[in-house]
Amino acid sequence: MEHKHEGHDHQHHEHGHGGAGGVSWAMAARATLHCLTGCAIGEVLGMVIGTALGWGNVATMVLAIVLAFFFGYALTLRGLLAAGVGLRRAVRVALAADTLSIAVMELIDNGVIALWPGAMDAHLSDPMFWIVLAIALAAAFVITTPVNKWMIGRGKGHAVVHQYHH
């Protein structure tokens, strides 16, 4: 679709988000995978650090959650800053775009780990640790994807981030 503004031609691409156009599941899955990547980095790093320092389950889980949010936001910030968005604006956009997605992801991920018998006591060298973590992250992805689809469809979440990548 072409629009003329101030004597310039601008090409607008329909991406299927916002309004009645609907949002593709692929777009929602990409947004969720983006958040999942940051969350997984933070989760694993937090668990490795907490375990290495001999911390208990609660302290290790808190560290893992804090790092999951940090790395989730950091990946979004990286893309926004690379697109030329100023730091203050980029931080506001990342917080608005990712907070609900990361929160849902962390709730599901840590809920699965906390409720899985023996998972909280599994060590990094135990295959159970890695298997349950993979299952927890997969469950978080499956449950968070519809949340992201809903948010993008309303012009929120990664729909806001997406506008800066043009």
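User: A crossing is left-handed if the near helix is turned anticlockwise from the far one by less than a right angle, and right-handed if clockwise. Which is the crossing of H1 and H4?

Analyst: The crossing of H1 and H4 is right-handed. Bear in mind that this is a predicted model, where local features need pLDDT of at least 70 and side-chain atom pairs count only at pLDDT 80 or more, while totals for chains, interfaces and linings use all residues. Residues are numbered from 1 along each chain as its sequence is written, and side-chain values use heavy atoms, leaving out hydrogens and water.

User: OK. At what angle do H1 and H4 cross?

Analyst: At roughly 140 degrees, and the axes of H1 and H4 come within 8 Å. The axes are lines fitted to C-alpha atoms over the stretch in contact, with angles from 0 to 180 degrees between N-to-C directions.

User: And what's the label for how H1 and H4 lie to each other?

Analyst: H1 and H4 are oblique to each other. Under 35 degrees is roughly parallel, over 145 roughly antiparallel, 65 to 115 roughly perpendicular, and the rest oblique.

User: What about H3 and H4, what angle there?

Analyst: Helix H3 (residues 87-115) and helix H4 (residues 127-153) have axes that cross at roughly 150 degrees and come within 8 Å. That makes H3 roughly antiparallel to H4. H3 passes H4 in a right-handed crossing.

User: Let me zoom out. How many helices and strands are in the chain?

Analyst: The protein chain has five helices and two strands. These are DSSP runs numbered from the N terminus (helices H or I, at least four residues; strands E, at least two).

User: In what pattern along the sequence?

Analyst: The pattern of the protein chain reads β-β-α-α-α-α-α.

User: How much of it is buried?

Analyst: 37% of the 166 residues in the protein chain count as buried. Buried means under 20% relative accessible area, exposed over 50%, partly exposed in between (1.4 Å probe, protein chains only).

User: Back to H3. Is Glu106 buried or exposed?

Analyst: Glu106, found in helix H3, has 4% relative accessibility, so Glu106 counts as buried. Glu106 and Thr144 are 38 residues apart in sequence, with their C-alpha atoms 9.7 Å apart in space.

User: And Leu100, where is it found?

Analyst: Also in a helix, namely H3. Leu100 is partly exposed, with a relative accessible area of 38%. Between the C-alpha atoms of Leu100 and Met151 there are 9.1 Å, and the two are 51 residues apart along the chain.

User: New topic: where does Val58 lie?

Analyst: Val58 lies in helix H2 (residues 57-82). Its relative accessible area is 65%, which means Val58 is exposed.

User: How far is Val58 from Met120?

Analyst: Their C-alpha atoms are separated by 9.4 Å, and Val58 and Met120 are 62 residues apart along the chain.

User: Last one, what about Ile49, which helix is that in?

Analyst: Ile49 is found in helix H1 (residues 25-52). With 30% relative accessibility, Ile49 counts as partly exposed.
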